[in-house]
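Here are my notes for your review. They go point by point, with the two chains and their contact taken in turn.

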Amino acid sequence: MFHWLERNPFFFAVGVFLVVAYAGVVTILPDFMESARPVAGTKPYTVLELAGRQIYIKDSCNACHSQLVRPFKSETDRYGMYSLSGEYAYDRPFLWGSKRTGPDLMRVGNYRTSDWHEYHMAKPTDVVPGSIMPAYKHMFSNNADIETAYAEAYTVKTVFNVPYDKPDMPKLGTFDQAKKEAFDAAAVIVADMKSTEVKEAFKRGEIKEIVALIAYLNSLK
Amino acid sequence: MNWLNDNVNVLALLGAAAILILSVGVSLKYINQMKTDKSSGELANDNWDGIGEYKNPLPIGWALSFLGTIIWGLWYFLVGYPLNSYSQIGEYNEEVNSYNTRFESKFSNPDNATLMGMGEGVFLVQCAPCHGVTGDGMNGKAANLSKWGNEDAAVATILKGAKGSGYPLIEMPAGLLDANGAKAVVAYMFKEVSGVKNTKHPELVEAGRELWATCASCHGEDGKGMGGSAPDLSAYGTAKFVVNVLGTGKKGFIGNMPQFNDGRLTNVQKLAVGTYVNSLAK
């Protein structure tokens, strides 16, 4: 009955492809538009958060920390709600990571605070005995790159229509406006911090990398 | 071990046993048949590298199951899967909900040992990163829980003030009472208002009662916080007070504690943490 197919591998391959592709059509397409849209409440990163995100990428945090809570009870108990694809709509690139040497950071903003991050980045073993994470002391002396962060935000706004300056969305505006916004946001974090080095630098008009990184980590919810 | 209570485990064991028995039976049958059988019949035209095929009719059982699979396959392709709106996440959610229901009913009336065990587990995962594995606050990075929830701690709170729990009345200023007054009013609060109903300084209770008005203006005459305007002192010294703090979080003088109300902890787990934290207080 199927001898004809067995003698024609090309059409056999076409048949196999159709059968397998059909499964994809049924499972992927019905929900595709829905799950590709940003989840309600997902907002683009502010300029300060973007600066922190660039530091996160620069220092390769994603080599050891994932940003993806899988739907397993053990993970949702520890990290919170599992991740949805729409939550990454404004992540360019996404930072899912592929290895958890450290814990997942997808929702770290829910359960860690600015002062904890400050202690932890200065000396991880101070707060997590037995931690093998290195200290990131240079973040307390290097300045965050607000210019590049603004450039990134401006680019994605112009090229990908990321909804900056829309109602209920983060403001971007001109560079000077964005810089002022970034300083206002940084002031809140600096006020929560203990480091006199960072506080004095902020008074001189410098935002240290640690401030931007904390802004980014706090935004992960 | 209770692992036979799990349906999946039981099914797996039964399946393994069935496969074993069937394999032995079927193998023996065919091994015996191979000893005596001779092949015969008309060969089909097709020939695969010298291996031929008899033109025997398909056995009826095979034919029926082959047809049945095709029909089931078509049904599953066109109706069974697409129209039943199956989703993995949906199944996961259902499983978690049923697990949570079982969890709630299993721990609906937990005894103290259960709460302590559960509380320690949750504490080590969720609280220890800031308060330390022993709850000592790691040299002032967070509240030292061994000096918390007792009379000395309450006196210290009155003297230093308190803020940042998100109550409408916002902040308790420092120095509402002097050291002696604070000690007395705390003795009264512990004996008459709090959940402890006992004080180390019973002789100060009456003096404290007269000073209570200072506290009552915000916490209410009964200390219950005037319907959520200020912390509920009637829960002080009990697990419920810790549960309240988990709900409000705190941005106090030491640092910032996040809220634990995003569903990571169930009510029983919060109570368990409260019980465990209270046990840390010396």
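Between which two helices of chain B does the loop with B:Met226 lie?

1. B:Met226. This is a predicted model. B:Met226 lies in the loop between α7 (205-219) and α8 (239-248) of chain B. Its phi is positive, about 50°, although the residue is not a glycine.

2. B:Asn139. A positive phi also turns up at B:Asn139, near 55°, again in a residue other than glycine. B:Asn139 sits in the loop between α4 and α5 (151-160) of chain B. B:Asn139 counts as exposed because it has 10 C-beta neighbours inside 10 Å; the cut-off for exposed is 12 or fewer. As background, most residues other than glycine have a negative phi.

3. The cis bond. The peptide bond that joins A:Arg92 and A:Pro93 is cis. Its omega is about -5°. In general, most peptide bonds are trans. A:Pro93 belongs to the loop between α4 (73-79) and α5 (108-111) of chain A.

4. Make-up of chain A. Chain A has eleven helices and zero strands. Read from the N terminus, its elements run α-α-α-α-α-α-α-α-α-α-α. Of its 221 residues, 32% count as buried.

5. Dimensions of chain A. The radius of gyration of chain A is 22 Å, whereas a compact globule of 221 residues would have one near 17 Å. Along the principal axes, the C-alpha atoms of chain A fill a box of roughly 85 × 45 × 25 Å.

6. Domains and contacts of chain A. The domain assignment gives chain A a domain 1 (3-36) and a domain 2 (47-219). Their centres, taken over C-alpha atoms, are separated by 42 Å. Now the contacts within chain A between residues at least 6 apart in sequence: 73% of them join residues at least 24 apart.

7. The contact of the two chains.

8. B:Thr101. Helix α3 of chain B holds B:Thr101. Is B:Thr101 buried or exposed? B:Thr101 is exposed, because it has 10 C-beta neighbours inside 10 Å. B:Val125 is 24 residues from B:Thr101 along the chain, and their C-alpha atoms are 23 Å apart.

9. Helix packing in chain B. The axes of α4(B) and helix α9 (residues 267-280) of chain B come within 7 Å. They cross at roughly 90°. Therefore α4(B) is roughly perpendicular to α9(B), as angles of 65 to 115 degrees count as such. The contact residues of α4(B) include B:Leu115, B:Met118, B:Val122 and B:Phe123. On α9(B), B:Leu271, B:Ala272, B:Val273 and B:Tyr276 are among them. The residues of this contact divide into ten nonpolar, five polar and one charged.

Definitions and conventions
Residues numbered from 1 in each chain as written. Chains lettered and ligands numbered in written order. Predicted model: local features only at pLDDT ≥ 70, side-chain atom pairs only at ≥ 80, totals over all residues. Helix = DSSP H or I, 4+ residues; strand = E, 2+ residues; numbered from the N terminus. Rg over C-alpha atoms; globule rule 2.2 N^0.38 Å. Buried ≥ 20, exposed ≤ 12 C-beta atoms within 10 Å, placed from the backbone. Contact = placed C-beta atoms within 7 Å. Domains from an automatic or database assignment. Axes fitted to C-alpha atoms, helices over the stretch in contact; angles between N-to-C directions. Parallel < 35°, antiparallel > 145°, perpendicular 65-115°, else oblique. Nonpolar A, V, L, I, M, F, W, Y, C, P; charged D, E, K, R; others polar.
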